[in-house]
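Colleague: I would be grateful for a close look at one part of this model, followed by an account of the parts around it.

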Amino acid sequence: MRTTTVVVGAGHAGLAVSHYLSACSIDHVLIERGEIANSWRTERWDSLTLLTPNWQARVPGLAYDGDDPDGFMDVSEVVSFIERYARLVGPSLETRTNVESVRQNGAGYQVVTDRGVWHAPTVVLATGGCNIPKVPAFATDLPGAITSCTPMDYSNPAALPDGGVLVVGASATGVQIAEEVHASGRPVTLAVGEHVRMPRTYRGKDILWWMDRTGLHDERYDEVDDIKRARRVPAPQLVGKPERTTLDLNALTEQGVRLVGRFAGIADGKAQFSGSLRNKCALADLKLGRLLDTIDEWIDDEGLDGEVGPACRFPPTRVEDSPPLALDFAEHGIRTVVWATGFEADHSWLDLPVLDHKGRLRHDGGVVSESPGLYRIGLNFLRRRKSSFIHGAADDARDLVDHLAAGIGAPAPG
Amino acid sequence: MTSTSEKPAVNGVNVEALLGARNALGETPEAGKFTWRATNEWLHGTHSRSSVAGYFGLGEEHEHKASFGFESDHPLVFAAEDNAATPVEIVLVGLASCLTAGVAAVAQNRDIQLRSVKATVEGDMDIQGILGADPDVRNGFSDIRVTYDIDADASPNDIEALVAQSQKRSAVFDILTNPTNVTVQVS
């Protein structure tokens with residue numbers, strides 16, 4: 001089978017790429033291992049909602065048009081939104097087709113699937129950024145009586161054993177799971193490493209509205225000081241609830257969640273936590289202060305002071321005097337560990353010399369320069385700070401299809 | 001060599017005083033709370049000087065016989081001037097000094113005469129951590145190894161036991177093997 005571009009993955013990013021490829025009349029096919037929006041259907045916990053408000057759900061050719069722009073979609077609504085987008089884009093689509101490898105084939109690529117081989121001069125990888133949950137190596141030292149799971153196997157608190165739960169990681173996933181598990185009557189201890197603190201709203205607007213308006217979300221990968229570090233920044237402590245509540249560490253402390261330092265290891269059947277909790281919280285508080293300063297300065301420059309709420313600062317993150325450095329699982333009644341320690345993209349199926357020593361794809365803003373005609377979309381800060389958000393796909397897809405079209409001598413999408 | 005001497009061992013550690021202190025603390029545990037201190041001042045580049053002059057313990061302030069100075073710098077391969085040992089080497093010094101003091105004290109208590117105690121310490125570190133090159137690599141040591149070469153009037157097993165007991169009671173061994181809450185602030 002031959003085509004000009006094989007797009008691997010039919011989520012919002014793959015569909016956005018398809019939209020622009022069609023605009024350039026570039027012949028292409030989308031290959032999807034499951035159904036449209038597969039990871040949303042199969043790899044998300046029950047209560048998950050987007051942390052971006054509905055008005056921000058916009059992809060090239062489609063924007064949210066419902067009656068709750070400030071609300072947050074749940075998983076079934078996200079799936080419906082992406083399905084609707086798929087009907088609009090109407091790509092040539094092969095579902096339930098697993099890509100087993102991508103190989104060089106002359107000047108182009110051979111995309112080997114479990115339902116045949118495609119040949120194409122160009123390939124766009126749109127397989128999502130969260131394929132494999134990252135779990136520390138010492139997880140194997142957990143006492144045998146402890147149940148453990150990652151956010152991919154986690155469905156809801158009732159599916160966990162009764163008793164205490166250690167949630168490891170305080171990015172968006174960790175704080176959201178910590179809150180609902182604690183509310184279910186399973187006392188939560190939250191191990192906190194580096195994290196990004198954000199209030200849900202600031203000066204009367206959603207914090208992501210400010211990040212959009214001030215241009216922070218549009219900051220490019222080739223403009224930031226340290227793109228490697230920027231790509232590692234964990235997802236902000238936000239949750240999408242109708243009440244627009246802030247879910248920072250102080251909110252969790254008020255609910256009775258106990259904070260401990262980063263989970264550093266297991267010794268003699270005890271969990272050991274780093275003594276750096278105070279510093280991790282101070283770093284996040286300082287970083288939040290800088291974000292709010294940037295927003296306040298922008299409001300000042302735009303002369304909008306009278307039109308939005310007053311500036312304010314949030315109280316520092318409260319850390320108890322001597323956070324525990326070790327916990328005995330049995331003694332503290334901890335029955336479950338939830339590893340909310342991040343995800344990584346899986347590129348192990350690429351049979352191409354484009355991965356670094358840690359298996360990460362080497363690319364320049366999504367252009368895999370070492371392998372002409374190969375592209376990646378949908379990774380953290382791929383081309384812009386917003387790259388991993390749904391609304392981040394539009395600009396990235398346009399840029400990458402521009403590059404792809406130029407490479408094969410097709411007119412740009414414009 | 002493990003010939004046994006009839007004379008009591010003399011290693012220069014006043015064990016009676018230490019055991020007396022342990023008994024006394026049973027009555028007044030508050031006296032056991034010590035605060036150790038050091039001050040540090042930047043000189044130039046990565047070169048700094050620390051001094052250790054006094055500490056708190058047994059319910060009161062104490063002064064060392066002198067103010068002890070320590071310098072630290074980074075090595076030439078870090079494009080620094082190498083005026084003194086690096087801070088991490090000083091940590092290794094702390095570990096070895098602590099374990100050796102422990103070996104001497106335990107030997108004294110067990111009436112083992114020491115003739116020579118030598119330690120070699122190695123700490124492995126991947127500097128991708130401190131350079132921020134790889135977030136999966138920790139800043140600190142990934143592994144520390146201490147090798148003792150001990151000549152004493154005791155069997156190899158007793159010497160092994162000396163070293164094991166020294167680790168069990170070592171402050172620096174504990175500091176390196178267990179987490180500690182650390183607060184750093186700007187005054």
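Colleague: Among contacts in chain B between residues at least 6 apart in sequence, what percentage join residues at least 24 apart?

Modeller: This is a predicted model, in which local features need pLDDT of at least 70 and side-chain atom pairs count only at pLDDT 80 or more, while totals for chains, interfaces and linings use all residues. Residues are numbered from 1 along each chain as its sequence is written, and chains are lettered from A and ligands numbered from 1 in the order in which they are written.

The share for chain B is 52%, a contact being two C-beta atoms, placed from the backbone, within 7 Å. The C-alpha trace of chain B spans about 60 × 40 × 30 Å along its principal axes. Its secondary structure amounts to 4 helices and 6 strands (DSSP runs of H or I, at least four residues, and of E, at least two, numbered from the N terminus). From the N terminus, these elements follow the order α-β-β-β-β-α-β-β-α-α. Of the 187 residues of chain B, 12% are buried, that is, with 20 or more other C-beta atoms within 10 Å of their own.

Chain B meets chain A through 9 of its residues, which are in contact with 14 residues of chain A. On the chain A side, helix 6 (227-232), strand 18 (270-273) and helix 8 (277-302) each give two or more residues. That side has 4 nonpolar, 7 polar and 3 charged residues (Asp, Glu, Lys and Arg count as charged, Ala, Val, Leu, Ile, Met, Phe, Trp, Tyr, Cys and Pro as nonpolar, and the others, Gly among them, as polar).

Strand 17 and strand 18 of chain A are joined in the antiparallel sense by 4 bridges, and A:Ala267 stands opposite A:Lys270 in strand 18 of chain A.

Elsewhere in chain A, helix 9 (residues 393-407) has 15 residues. The buried residues of helix 9 of chain A, including A:Asp396, A:Asp399 and A:Leu400, pack against strand 1 (5-8), helix 1 (12-23), strand 3 (58-59), strand 9 (122-125) and strand 23 (374-376) of chain A. Just after helix 9 of chain A, A:Gly409 adopts a positive phi of about 75°.

Definitions and conventions. Two strands pair if DSSP finds at least two bridges between them. The expected span of a helix is 1.5 Å times one less than its number of residues.
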